[in-house]
Amino acid sequence: MTDAPYLQPGRIGKLSLKNRLVRAATSETMATASGEATDRLVKLYADIAAGGAGLMITGHMFVEPRGQYEPMQTAIHSDAAIAGLKRVTDAVHARGGVIFAELSHAGSQSVLPEIEAIAPSLIPNAIYAREPKAMSGADVDAVVAAFGAAARRAMAAGFDGIHIHGANGYLVSAFNSPHANRRTDGWGGDAERRSRFIVSVYQVIRAAVGPDVPVTARVGMVDTVEGGLTLEESVDRVHHLESLGLDAVEVQLGVMGTYLRSVVPYVGVTKRRALADGLLHRLTADKVPEAYFRPYAQALKARVKIPVILVGGVRSTEVMTDVLQSGDADFLAMARPFVREPDLPAKLAAGRRGLVDCVSCNICLKHEGRDPLQCWRTSASAMAYHVYCRFWRDRRGAVTK
Ligand SMILES: Cc1cc2nc3c(=O)[nH]c(=O)nc-3n(C[C@H](O)[C@H](O)[C@H](O)COP(=O)(O)O)c2cc1C
């Protein structure tokens with residue numbers, strides 16, 4: 001037995017979890033062209049489940065065709081998705097794992113030119129400058145209903161809970177944002193009406209899954225664009241969602257001008273690690289602080305009672321211990337570290353301490369939407385292929401990140 005706080009059991013809603021380590025949503029680029037699960041996707045989640053994570057959250061799955069973000073993203077917009085996703089959850093459950101489905105709509109942030117991107121208002125996307133179509137009232141109703149239908153499918157496919165993607169510039173966070181949402185009807189105009197979309201999405205999902213299944217949300221706490229969402233407004237919003245029955249909240253950014261603010265490079269890398277991993281350009285750089293969204297978690301813990309999940313640069317057992325012991329968060333989510341080490345929790349349970357192996361080089365992120373998720377630093381051949389992609393293949397087409 002260990003007394004490491006991140007290895008202690010926890011609860012989200014009525015669900016018991018064996019430890020506080022959460023595999024954060026990480027888009028896999030492992031579906032077929034039409035969005036169905038593949039053997040590779042099943043293996044990815046089987047491996048993470050076998051590695052001992054207390055909870056796994058899937059990469060964002062799109063709830064309607066207009067909500068697809070990138071090629072080879074997993075779909076949950078039609079009943080045809082259920083059988084493949086059931087293979088994923090069966091593999092996870094056979095290894096003692098727990099898995100939530102992350103439901104999302106890309107809104108104006110879709111990188112697919114062939115779809116009509118929609119958004120609350122005609123405001124160009126903050127990252128890609130893409131001009132969306134402003135949603136009609138009927139569009140809003142249809143998308144809310146699509147979240148409900150997707151939640152029903154997730155239940156049919158055997159998921160243990162639902163995680164709403166309400167962050168990172170995607171559609172739900174665009175409705176929360178005074179920058180992206182300039183509507184003056186019932187869906188925008190003040191903080192309460194900006195909340196109506198995420199509240200409606202939550203309610204339609206709750207109705208689909210019933211009272212006992214955990215429904216959680218990733219919420220963008222602030223926008224990093226001018227005229228954007230404030231922390232105060234977000235804390236109020238989460239407090240309201242808690243009163244309606246939301247079971248846990250994960251903190252992230254809302255609308256942002258670059259993914260690098262949410263997926264910060266080289267977090268926690270010491271000079272020693274830089275040397276060991278051949279990151280010569282980091283030898284003279286300052287150490288990027290870990291757990292960079294901790295202030296948002298603290299702000300929520302002061303106001304809400306539901307579990308708070310901290311994501312973003314959690315990299316060492318010292319920081320994991322400190323965050324949990326200080327009561328700043330209840331769960332620790334990691335994305336990039338699980339790409340490198342799917343069995344990280346098992347290693348920690350076996351006594352491993354210190355920094356995780358991931359150096360947050362973000363090469364995995366650069367390949368999103370093009371190549372299946374992997375850590376490119378683990379073999380010379382993968383690294384060589386990455387260099388070919390960067391300097392030849394990807395120069396010849398649009399790069400997503
Ligand atoms: C390759 C990649 C794909 C990601 N895909 C998703 C996603 O599908 N949904 C989501 O909510 N966040 C996604 N994220 C963001 C992560 O969940 C996480 O918030 C971010 O990487 C910071 O955490 P970390 O420092 O532990 O990596 C992705 C990040 C990476 C690197």
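Entry one. I am working from a predicted model. From helix 3, I listed Val-140, Val-143, Val-144, Phe-147, Gly-148, Ala-151, Arg-152 and Met-155 in the contact. Helix 5 supplies Phe-197, Ser-200, Val-201, Val-204, Ile-205, Ala-208 and Val-209. I sorted them by class: twelve nonpolar, two polar and one charged.

Entry two. I stayed with helix 5 (residues 191–209) and turned to helix 6 (residues 231–244). Their axes come within 10 Å and cross at roughly 35°. This crossing is right-handed. On the helix 5 side I found Ala-191, Arg-194, Ser-195, Ile-198, Val-199, Tyr-202 and Gln-203. Helix 6 brings Glu-233, Arg-237, His-240, Leu-241 and Leu-244. The class count for helix 5 with helix 6 is six nonpolar, three polar and three charged residues.

Next I looked up Thr-317, which sits in helix 9 (residues 317–325). Is Thr-317 buried or exposed? Its relative accessible area is 3%, and buried means under 20%, so I logged Thr-317 as buried. I then checked its surroundings. Setting aside neighbours within four places in sequence, Thr-317 is in contact with Tyr-6, Leu-348, Arg-352, Arg-353 and Gly-354. For Gly-354 I also recorded a distance: its backbone nitrogen lies 2.7 Å from a polar atom of the Thr-317 side chain.

Conventions: Residues are numbered from 1 along each chain as its sequence is written. This is a predicted model: local features need pLDDT of at least 70, side-chain atom pairs count only at pLDDT 80 or more; totals for chains, interfaces and linings use all residues. Side-chain values use heavy atoms; hydrogens and water are left out. Axes are lines fitted to C-alpha atoms, for helices over the stretch in contact, and angles run from 0 to 180 degrees between N-to-C directions. Helices (H or I, at least four residues) and strands (E, at least two) are DSSP runs, numbered from the N terminus. A crossing is left-handed if the near helix is turned anticlockwise from the far one by less than a right angle, and right-handed if clockwise. Contact means heavy atoms within 4.5 Å. Ala, Val, Leu, Ile, Met, Phe, Trp, Tyr, Cys and Pro count as nonpolar, Asp, Glu, Lys and Arg as charged, and the others, Gly among them, as polar. Buried means under 20% relative accessible area, exposed over 50%, partly exposed in between (1.4 Å probe, protein chains only). A polar contact is a pair of N or O atoms within 3.5 Å; within protein, one must be able to donate a hydrogen and the other to accept it, and residues adjacent in sequence count only if both atoms are side-chain atoms.
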